[in-house]
Amino acid sequence: MIVESLFLKNFRNIEELEADLCPEVNIIYGKNAQGKTNIVEALWLFTGYKSFRSSRDCELIMFGKESAKIRADFKTNSRNVTCEIAISDKRKCSKNSILLQSPSALTGEYPATLFSPSHLYLIKGGPAERRRFLDIAICQLSPGYAHALKKYKMALTQRNILLKDIQYHSELYDTLEMWEAQLALFGAKIVLKRLKYVDLLKSLTQEIYDGICGGKESLSIMYLMGSLHEKSRSEQEIKEELTEKLKQTRKEDILIKNTSVGPHRDDLIVYINGKSARSYGSQGQQRSAALALKLGEAQVIREIIGENPIVLLDDVMSELDYKRQDYVLNKIKGYQVVITSCEPPQSKRLTCAKMFQISDGRVVS
Ligand SMILES: Nc1ncnc2c1ncn2[C@@H]1O[C@H](COP(=O)(O)OP(=O)(O)O)[C@@H](O)[C@H]1O
Ligand SMILES: [Mg+2]
(Lines give C-alpha, C1' and ligand atoms only; values in the text may rest on other atoms or scores of the structure.)
(Ligands and ions follow the chains in the order given, each with its own letter.)
Protein backbone atom coordinates (compact mmCIF):
# COMPACT_ATOMS: atom_id res chain seq x y z
CA MET A 1 0.00 0.00 0.00
CA ILE A 2 1.21 3.49 -0.75
CA VAL A 3 0.00 7.05 -0.34
CA GLU A 4 0.07 8.71 -3.74
CA SER A 5 -0.92 12.16 -2.58
CA LEU A 6 -1.69 13.98 0.63
CA PHE A 7 -3.81 17.07 1.22
CA LEU A 8 -4.00 18.95 4.51
CA LYS A 9 -6.13 21.93 5.45
CA ASN A 10 -5.91 23.85 8.73
CA PHE A 11 -4.06 20.95 10.27
CA ARG A 12 -1.89 22.23 13.17
CA ASN A 13 0.48 24.87 11.66
CA ILE A 14 -0.31 23.79 8.09
CA GLU A 15 -2.87 26.05 6.46
CA GLU A 16 -2.88 24.16 3.20
CA LEU A 17 -0.56 21.56 1.79
CA GLU A 18 -0.73 19.30 -1.20
CA ALA A 19 2.03 16.80 -1.91
CA ASP A 20 2.54 13.90 -4.29
CA LEU A 21 4.58 11.26 -2.53
CA CYS A 22 6.88 8.80 -4.23
CA PRO A 23 6.39 5.04 -3.66
CA GLU A 24 9.82 4.64 -2.08
CA VAL A 25 11.57 7.02 0.30
CA ASN A 26 10.15 10.48 1.02
CA ILE A 27 12.30 12.86 3.00
CA ILE A 28 10.70 15.80 4.74
CA TYR A 29 13.34 18.19 5.96
CA GLY A 30 13.49 21.63 7.48
CA LYS A 31 14.35 23.52 10.65
CA ASN A 32 12.75 22.78 14.00
CA ALA A 33 9.05 23.51 14.57
CA GLN A 34 8.20 23.94 10.87
CA GLY A 35 5.57 21.18 10.62
CA LYS A 36 7.51 18.02 9.72
CA THR A 37 6.12 15.88 12.53
CA ASN A 38 2.68 17.38 11.86
CA ILE A 39 2.77 15.78 8.40
CA VAL A 40 3.77 12.42 9.88
CA GLU A 41 0.99 12.79 12.44
CA ALA A 42 -1.55 13.39 9.66
CA LEU A 43 -0.41 10.24 7.84
CA TRP A 44 -0.68 8.28 11.08
CA LEU A 45 -4.32 9.32 11.58
CA PHE A 46 -5.36 7.21 8.57
CA THR A 47 -4.61 4.14 10.71
CA GLY A 48 -7.85 5.00 12.54
CA TYR A 49 -6.02 5.56 15.82
CA LYS A 50 -5.72 8.73 17.82
CA SER A 51 -2.68 10.91 17.35
CA PHE A 52 0.57 9.69 18.92
CA ARG A 53 1.02 13.22 20.30
CA SER A 54 -2.29 14.27 21.74
CA SER A 55 -5.38 12.45 22.76
CA ARG A 56 -7.62 15.44 22.09
CA ASP A 57 -8.63 15.83 18.46
CA CYS A 58 -9.27 19.57 18.87
CA GLU A 59 -5.53 20.13 19.30
CA LEU A 60 -5.07 19.04 15.69
CA ILE A 61 -7.04 22.00 14.37
CA MET A 62 -5.06 25.12 13.49
CA PHE A 63 -5.32 27.76 16.24
CA GLY A 64 -8.30 30.03 15.56
CA LYS A 65 -9.97 27.70 13.02
CA GLU A 66 -13.07 25.58 13.54
CA SER A 67 -12.12 22.46 11.66
CA ALA A 68 -9.32 20.67 9.86
CA LYS A 69 -9.31 18.27 6.97
CA ILE A 70 -6.84 15.65 5.83
CA ARG A 71 -7.15 13.58 2.69
CA ALA A 72 -4.99 10.94 1.07
CA ASP A 73 -5.13 8.95 -2.13
CA PHE A 74 -4.12 5.39 -1.34
CA LYS A 75 -3.09 2.76 -3.81
CA THR A 76 -3.67 -0.62 -2.20
CA ASN A 77 -3.21 -4.11 -3.66
CA SER A 78 -6.74 -4.21 -4.87
CA ARG A 79 -7.77 -0.65 -5.68
CA ASN A 80 -7.34 3.09 -5.37
CA VAL A 81 -9.15 4.77 -2.51
CA THR A 82 -9.48 8.36 -1.39
CA CYS A 83 -9.79 8.59 2.36
CA GLU A 84 -10.77 11.81 4.06
CA ILE A 85 -10.85 12.72 7.75
CA ALA A 86 -12.70 15.84 8.81
CA ILE A 87 -11.79 16.99 12.30
CA SER A 88 -14.07 19.29 14.26
CA ASP A 89 -15.51 18.47 17.69
CA LYS A 90 -15.09 14.86 16.54
CA ARG A 91 -13.49 12.99 13.67
CA LYS A 92 -15.54 12.01 10.65
CA CYS A 93 -13.99 9.64 8.15
CA SER A 94 -15.05 8.80 4.64
CA LYS A 95 -13.81 6.47 1.96
CA ASN A 96 -14.49 7.48 -1.63
CA SER A 97 -16.97 10.03 -0.22
CA ILE A 98 -18.92 7.39 1.75
CA LEU A 99 -19.10 8.25 5.44
CA LEU A 100 -17.84 5.56 7.82
CA GLN A 101 -19.49 4.81 11.14
CA SER A 102 -16.46 5.76 13.23
CA PRO A 103 -12.72 6.46 12.84
CA SER A 104 -12.01 2.99 14.21
CA ALA A 105 -13.64 1.54 11.07
CA LEU A 106 -10.35 2.47 9.40
CA THR A 107 -8.34 0.19 11.71
CA GLY A 108 -6.26 -2.24 9.69
CA GLU A 109 -7.12 -0.67 6.32
CA TYR A 110 -4.22 1.76 5.98
CA PRO A 111 -1.68 0.46 8.47
CA ALA A 112 1.43 2.39 9.42
CA THR A 113 4.46 1.79 11.59
CA LEU A 114 5.87 4.78 13.40
CA PHE A 115 9.38 5.10 14.79
CA SER A 116 10.49 8.20 16.67
CA PRO A 117 13.30 8.94 19.15
CA SER A 118 10.94 8.19 22.04
CA HIS A 119 10.80 4.57 20.86
CA LEU A 120 14.23 4.13 22.37
CA TYR A 121 12.24 3.58 25.57
CA LEU A 122 11.06 0.34 24.02
CA ILE A 123 14.44 -0.98 25.07
CA LYS A 124 15.50 1.42 27.84
CA GLY A 125 12.13 1.80 29.52
CA GLY A 126 10.18 -0.47 31.84
CA PRO A 127 8.01 -3.47 30.89
CA ALA A 128 4.92 -1.24 30.47
CA GLU A 129 6.52 0.35 27.36
CA ARG A 130 7.05 -3.04 25.76
CA ARG A 131 3.58 -4.30 26.64
CA ARG A 132 2.19 -1.15 25.03
CA PHE A 133 4.24 -1.84 21.90
CA LEU A 134 2.82 -5.36 21.70
CA ASP A 135 -0.72 -4.21 22.42
CA ILE A 136 -0.74 -1.46 19.78
CA ALA A 137 0.83 -3.76 17.20
CA ILE A 138 -1.61 -6.61 17.86
CA CYS A 139 -4.61 -4.24 17.86
CA GLN A 140 -3.76 -3.30 14.27
CA LEU A 141 -3.95 -6.96 13.29
CA SER A 142 -6.75 -8.32 15.37
CA PRO A 143 -9.77 -6.18 16.29
CA GLY A 144 -10.89 -8.73 18.93
CA TYR A 145 -7.69 -8.04 20.87
CA ALA A 146 -8.70 -4.48 21.76
CA HIS A 147 -11.94 -5.86 23.19
CA ALA A 148 -10.09 -8.45 25.29
CA LEU A 149 -7.74 -5.75 26.59
CA LYS A 150 -10.62 -3.50 27.55
CA LYS A 151 -12.44 -6.30 29.38
CA TYR A 152 -9.23 -7.38 31.13
CA LYS A 153 -8.45 -3.84 32.31
CA MET A 154 -11.98 -3.45 33.61
CA ALA A 155 -11.80 -6.72 35.57
CA LEU A 156 -8.37 -5.75 36.91
CA THR A 157 -9.64 -2.41 38.18
CA GLN A 158 -12.60 -4.12 39.83
CA ARG A 159 -10.46 -6.79 41.48
CA ASN A 160 -8.04 -4.15 42.80
CA ILE A 161 -10.92 -2.14 44.27
CA LEU A 162 -12.24 -5.27 45.97
CA LEU A 163 -8.79 -6.12 47.35
CA LYS A 164 -8.90 -2.86 49.27
CA ASP A 165 -12.39 -3.43 50.70
CA ILE A 166 -12.43 -7.15 51.30
CA GLN A 167 -10.72 -7.16 54.67
CA TYR A 168 -13.77 -5.35 56.08
CA HIS A 169 -16.37 -7.22 54.00
CA SER A 170 -15.71 -10.94 53.70
CA GLU A 171 -18.99 -11.36 51.81
CA LEU A 172 -17.17 -9.79 48.85
CA TYR A 173 -15.25 -13.04 48.17
CA ASP A 174 -17.90 -14.22 45.71
CA THR A 175 -17.56 -11.04 43.70
CA LEU A 176 -13.79 -11.41 43.80
CA GLU A 177 -14.08 -14.85 42.23
CA MET A 178 -16.29 -13.47 39.53
CA TRP A 179 -13.72 -10.87 38.52
CA GLU A 180 -10.95 -13.43 38.70
CA ALA A 181 -12.86 -15.58 36.22
CA GLN A 182 -12.99 -12.58 33.86
CA LEU A 183 -9.29 -11.91 34.37
CA ALA A 184 -8.44 -15.51 33.54
CA LEU A 185 -10.77 -15.60 30.53
CA PHE A 186 -9.54 -12.40 28.87
CA GLY A 187 -6.01 -12.67 30.24
CA ALA A 188 -5.58 -16.01 28.46
CA LYS A 189 -6.71 -14.48 25.17
CA ILE A 190 -4.21 -11.64 25.60
CA VAL A 191 -1.29 -13.90 26.54
CA LEU A 192 -1.96 -16.26 23.65
CA LYS A 193 -2.10 -13.47 21.08
CA ARG A 194 1.08 -11.91 22.47
CA LEU A 195 2.91 -15.26 22.38
CA LYS A 196 1.89 -15.84 18.78
CA TYR A 197 2.87 -12.30 17.83
CA VAL A 198 6.30 -12.56 19.45
CA ASP A 199 6.87 -15.89 17.67
CA LEU A 200 6.27 -14.16 14.35
CA LEU A 201 8.34 -11.14 15.26
CA LYS A 202 11.33 -13.15 16.48
CA SER A 203 12.95 -14.23 13.23
CA LEU A 204 12.00 -11.04 11.41
CA THR A 205 13.68 -8.74 13.94
CA GLN A 206 16.78 -10.95 13.94
CA GLU A 207 17.09 -10.60 10.20
CA ILE A 208 16.52 -6.83 10.25
CA TYR A 209 19.01 -6.32 13.06
CA ASP A 210 21.53 -8.30 11.01
CA GLY A 211 20.96 -5.88 8.14
CA ILE A 212 21.33 -2.81 10.35
CA CYS A 213 24.52 -4.02 12.03
CA GLY A 214 26.05 -5.86 9.11
CA GLY A 215 25.63 -9.27 10.77
CA LYS A 216 28.18 -8.61 13.52
CA GLU A 217 25.75 -8.93 16.42
CA SER A 218 22.71 -11.02 17.17
CA LEU A 219 19.32 -9.97 18.47
CA SER A 220 16.73 -12.21 20.07
CA ILE A 221 13.45 -11.56 21.82
CA MET A 222 11.34 -13.52 24.26
CA TYR A 223 7.91 -13.01 25.81
CA LEU A 224 8.31 -13.35 29.54
CA MET A 225 5.22 -14.54 31.37
CA GLY A 226 6.02 -13.20 34.80
CA SER A 227 3.99 -15.74 36.69
CA LEU A 228 2.98 -18.45 34.28
CA HIS A 229 4.66 -21.61 33.27
CA GLU A 230 6.53 -21.38 29.97
CA LYS A 231 4.86 -24.54 28.78
CA SER A 232 1.30 -23.25 29.01
CA ARG A 233 0.49 -22.84 25.36
CA SER A 234 -3.21 -23.34 24.64
CA GLU A 235 -5.78 -20.73 25.65
CA GLN A 236 -7.45 -23.26 27.94
CA GLU A 237 -4.16 -24.13 29.67
CA ILE A 238 -3.27 -20.48 30.19
CA LYS A 239 -6.76 -19.75 31.51
CA GLU A 240 -6.60 -22.61 33.99
CA GLU A 241 -3.17 -21.61 35.18
CA LEU A 242 -4.18 -17.97 35.58
CA THR A 243 -7.26 -19.01 37.57
CA GLU A 244 -5.08 -21.09 39.86
CA LYS A 245 -2.42 -18.39 40.30
CA LEU A 246 -5.00 -15.72 41.09
CA LYS A 247 -6.43 -17.97 43.78
CA GLN A 248 -2.97 -18.74 45.19
CA THR A 249 -1.91 -15.08 45.38
CA ARG A 250 -5.18 -13.82 46.89
CA LYS A 251 -3.88 -13.50 50.46
CA GLU A 252 -0.75 -11.71 49.34
CA ASP A 253 -2.71 -9.50 46.95
CA ILE A 254 -5.08 -8.45 49.74
CA LEU A 255 -2.05 -7.35 51.75
CA ILE A 256 -0.50 -5.35 48.91
CA LYS A 257 -3.95 -4.31 47.58
CA ASN A 258 -2.87 -5.09 44.04
CA THR A 259 -3.06 -7.95 41.54
CA SER A 260 0.36 -9.50 41.23
CA VAL A 261 -0.17 -12.03 38.43
CA GLY A 262 -1.42 -11.76 34.88
CA PRO A 263 -0.47 -10.30 31.50
CA HIS A 264 -0.34 -6.78 32.98
CA ARG A 265 2.90 -7.95 34.62
CA ASP A 266 4.50 -9.64 31.60
CA ASP A 267 7.43 -8.35 29.56
CA LEU A 268 9.15 -8.66 26.22
CA ILE A 269 12.83 -9.29 26.81
CA VAL A 270 15.28 -8.14 24.15
CA TYR A 271 18.75 -9.68 24.07
CA ILE A 272 21.78 -8.52 22.11
CA ASN A 273 24.47 -11.17 21.83
CA GLY A 274 22.63 -13.13 24.53
CA LYS A 275 22.64 -10.29 27.10
CA SER A 276 19.76 -8.05 28.13
CA ALA A 277 19.74 -5.05 25.79
CA ARG A 278 18.09 -2.97 28.51
CA SER A 279 20.83 -3.58 31.05
CA TYR A 280 23.93 -4.00 28.90
CA GLY A 281 23.22 -2.52 25.46
CA SER A 282 25.09 0.57 24.30
CA GLN A 283 23.03 3.56 23.19
CA GLY A 284 23.64 2.61 19.54
CA GLN A 285 22.70 -1.03 20.10
CA GLN A 286 19.53 -0.03 21.93
CA ARG A 287 18.57 2.33 19.13
CA SER A 288 19.16 -0.32 16.49
CA ALA A 289 17.23 -2.91 18.49
CA ALA A 290 14.26 -0.52 18.81
CA LEU A 291 14.38 0.16 15.07
CA ALA A 292 14.53 -3.58 14.34
CA LEU A 293 11.45 -4.16 16.52
CA LYS A 294 9.52 -1.43 14.72
CA LEU A 295 10.53 -2.61 11.25
CA GLY A 296 9.71 -6.16 12.34
CA GLU A 297 6.27 -4.87 13.28
CA ALA A 298 5.88 -3.57 9.70
CA GLN A 299 6.85 -6.94 8.30
CA VAL A 300 4.38 -8.84 10.49
CA ILE A 301 1.64 -6.50 9.26
CA ARG A 302 2.70 -7.23 5.70
CA GLU A 303 2.64 -11.00 6.28
CA ILE A 304 -0.66 -11.09 8.12
CA ILE A 305 -2.83 -8.63 6.27
CA GLY A 306 -1.01 -8.80 2.97
CA GLU A 307 -0.70 -5.02 2.77
CA ASN A 308 2.53 -3.06 3.24
CA PRO A 309 2.22 -0.51 6.02
CA ILE A 310 3.73 2.92 5.50
CA VAL A 311 6.91 3.27 7.51
CA LEU A 312 7.03 6.62 9.30
CA LEU A 313 10.43 7.54 10.72
CA ASP A 314 10.24 10.77 12.68
CA ASP A 315 13.50 12.48 13.56
CA VAL A 316 15.66 9.39 13.75
CA MET A 317 18.38 10.14 11.20
CA SER A 318 20.51 12.37 13.39
CA GLU A 319 20.59 9.67 16.03
CA LEU A 320 22.06 7.05 13.73
CA ASP A 321 25.63 6.64 12.52
CA TYR A 322 26.50 6.71 8.82
CA LYS A 323 26.11 2.97 8.25
CA ARG A 324 22.76 2.80 9.97
CA GLN A 325 21.54 5.88 8.12
CA ASP A 326 22.42 4.07 4.91
CA TYR A 327 20.23 1.16 5.98
CA VAL A 328 17.30 3.49 6.66
CA LEU A 329 17.73 5.42 3.42
CA ASN A 330 18.34 2.60 1.01
CA LYS A 331 17.64 -0.81 2.47
CA ILE A 332 14.08 -0.71 3.77
CA LYS A 333 12.83 -2.35 0.64
CA GLY A 334 9.24 -2.94 -0.35
CA TYR A 335 7.76 -0.18 1.81
CA GLN A 336 6.85 3.41 1.29
CA VAL A 337 8.96 5.27 3.82
CA VAL A 338 8.47 8.81 5.12
CA ILE A 339 11.45 10.24 6.98
CA THR A 340 11.69 13.59 8.72
CA SER A 341 15.04 15.18 9.29
CA CYS A 342 16.54 18.59 10.04
CA GLU A 343 19.21 18.20 7.38
CA PRO A 344 18.60 16.92 3.86
CA PRO A 345 20.75 13.84 3.27
CA GLN A 346 23.26 14.20 0.46
CA SER A 347 21.47 13.14 -2.68
CA LYS A 348 24.32 10.89 -3.75
CA ARG A 349 23.52 8.72 -0.75
CA LEU A 350 20.00 8.10 -1.98
CA THR A 351 19.06 5.57 -4.59
CA CYS A 352 15.37 6.31 -4.84
CA ALA A 353 13.83 9.21 -2.98
CA LYS A 354 11.84 12.40 -3.17
CA MET A 355 12.63 15.38 -0.95
CA PHE A 356 10.35 18.04 0.48
CA GLN A 357 11.64 21.10 2.26
CA ILE A 358 9.18 22.40 4.85
CA SER A 359 9.13 25.91 6.23
CA ASP A 360 6.37 27.44 8.34
CA GLY A 361 3.88 24.72 7.42
CA ARG A 362 4.53 24.96 3.67
CA VAL A 363 6.42 22.90 1.14
CA VAL A 364 8.98 25.38 -0.17
CA SER A 365 10.98 23.11 -2.48
N1 LIG B 1 -3.17 23.43 16.61
C2 LIG B 1 -2.12 24.11 16.14
N3 LIG B 1 -2.30 25.24 15.41
C4 LIG B 1 -1.24 25.94 14.93
N5 LIG B 1 0.04 25.58 15.11
C6 LIG B 1 0.27 24.48 15.83
C7 LIG B 1 -0.77 23.66 16.37
N8 LIG B 1 -0.23 22.62 17.02
C9 LIG B 1 1.11 22.75 16.89
N10 LIG B 1 1.42 23.86 16.18
C11 LIG B 1 2.73 24.35 15.80
O12 LIG B 1 3.38 23.40 14.97
C13 LIG B 1 4.78 23.56 15.15
C14 LIG B 1 5.44 22.23 15.43
O15 LIG B 1 5.37 21.46 14.33
P16 LIG B 1 6.17 20.09 14.27
O17 LIG B 1 5.63 19.36 13.11
O18 LIG B 1 6.17 19.41 15.58
O19 LIG B 1 7.64 20.64 13.99
P20 LIG B 1 8.91 19.88 13.43
O21 LIG B 1 9.13 20.45 12.05
O22 LIG B 1 10.01 20.27 14.35
O23 LIG B 1 8.63 18.42 13.43
C24 LIG B 1 5.01 24.44 16.34
O25 LIG B 1 5.43 25.70 15.87
C26 LIG B 1 3.65 24.51 16.99
O27 LIG B 1 3.43 25.72 17.64
MG1 LIG C 1 9.45 16.97 14.68
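Which residues is Ser-227 in contact with, leaving aside its neighbours within four places in sequence? I looked this up first in what is a predicted model, where local features need pLDDT of at least 70, side-chain atom pairs count only at pLDDT 80 or more, and totals for chains, interfaces and linings use all residues. Residues are numbered from 1 along each chain as its sequence is written, chains are lettered from A and ligands numbered from 1 in the order in which they are written, and side-chain values use heavy atoms, with hydrogens and water left out.

**Entry: Ser-227**

I found Glu-241, Lys-245, Val-261 and Gly-262 in contact with Ser-227, sequence neighbours within four places left aside; contact means heavy atoms within 4.5 Å. Ser-227 sits in the loop between strand S9 (219–224) and helix H6 (235–248). Helices (H or I, at least four residues) and strands (E, at least two) are DSSP runs, numbered from the N terminus. Ser-227 counts as buried because its relative accessibility is 17%; buried is under 20% relative accessible area, exposed over 50%, partly exposed in between (1.4 Å probe, protein chains only). I also noted a C-alpha separation of 8.1 Å between Ser-227 and Arg-265, which are 38 residues apart along the chain.

**Entry: Glu-297**

I placed Glu-297 in helix H9. With 4% relative accessibility, Glu-297 counts as buried. Beyond its neighbours within four places in sequence, Glu-297 is in contact with Ala-112, Thr-113, Phe-133, Ala-137, Gln-140, Tyr-197 and Leu-201.

**Entry: pockets**

I used a 1 Å grid over the protein atoms alone: a cavity is a set of points where a 1.4 Å probe fits but cannot get out, a pocket is an open set with protein on both sides within 12 Å along at least five of seven lines, and lining residues have an atom within 4 Å of a point. Grid points are joined across faces, edges and corners, and a volume is the space filled by probe spheres set on the points.

The largest pocket has a volume of about 1100 Å³. Of its 37 lining residues, Trp-44, Tyr-49, Lys-50, Arg-132 and Ile-136 are the closest to the centre. Elements giving two or more residues to this lining include helix H3 (127–141), helix H4 (143–165) and helix H9 (283–305). H3 gives the largest share, 9 residues. I sorted the lining into 15 nonpolar, 12 polar and 10 charged residues; Ala, Val, Leu, Ile, Met, Phe, Trp, Tyr, Cys and Pro count as nonpolar, Asp, Glu, Lys and Arg as charged, and the others, Gly among them, as polar.

Why does the largest pocket lie between domain 1 and domain 2? Domain 1 (2–111 + 307–363) and domain 2 (122–280) both give residues to its lining, so it lies between them.

The second largest pocket holds about 250 Å³ of space. Among its 15 lining residues, those closest to the centre are Ile-138, Ser-142, Leu-192, Lys-193 and Lys-196. H5 gives the most to this lining, with 7 residues.

**Entry: cavities**

How many cavities of 30 Å³ or more does a search of the whole structure find? I got 2. The largest cavity has a volume of about 60 Å³, and its lining divides into 9 nonpolar, no polar and no charged residues. Strand S2 (14–20) and strand S14 (353–359) each supply at least two residues of that lining.

The second largest cavity holds about 40 Å³. Its lining divides into 5 nonpolar, 1 polar and 2 charged residues.

Note on methods: Domain bounds come from an automatic or database domain assignment.
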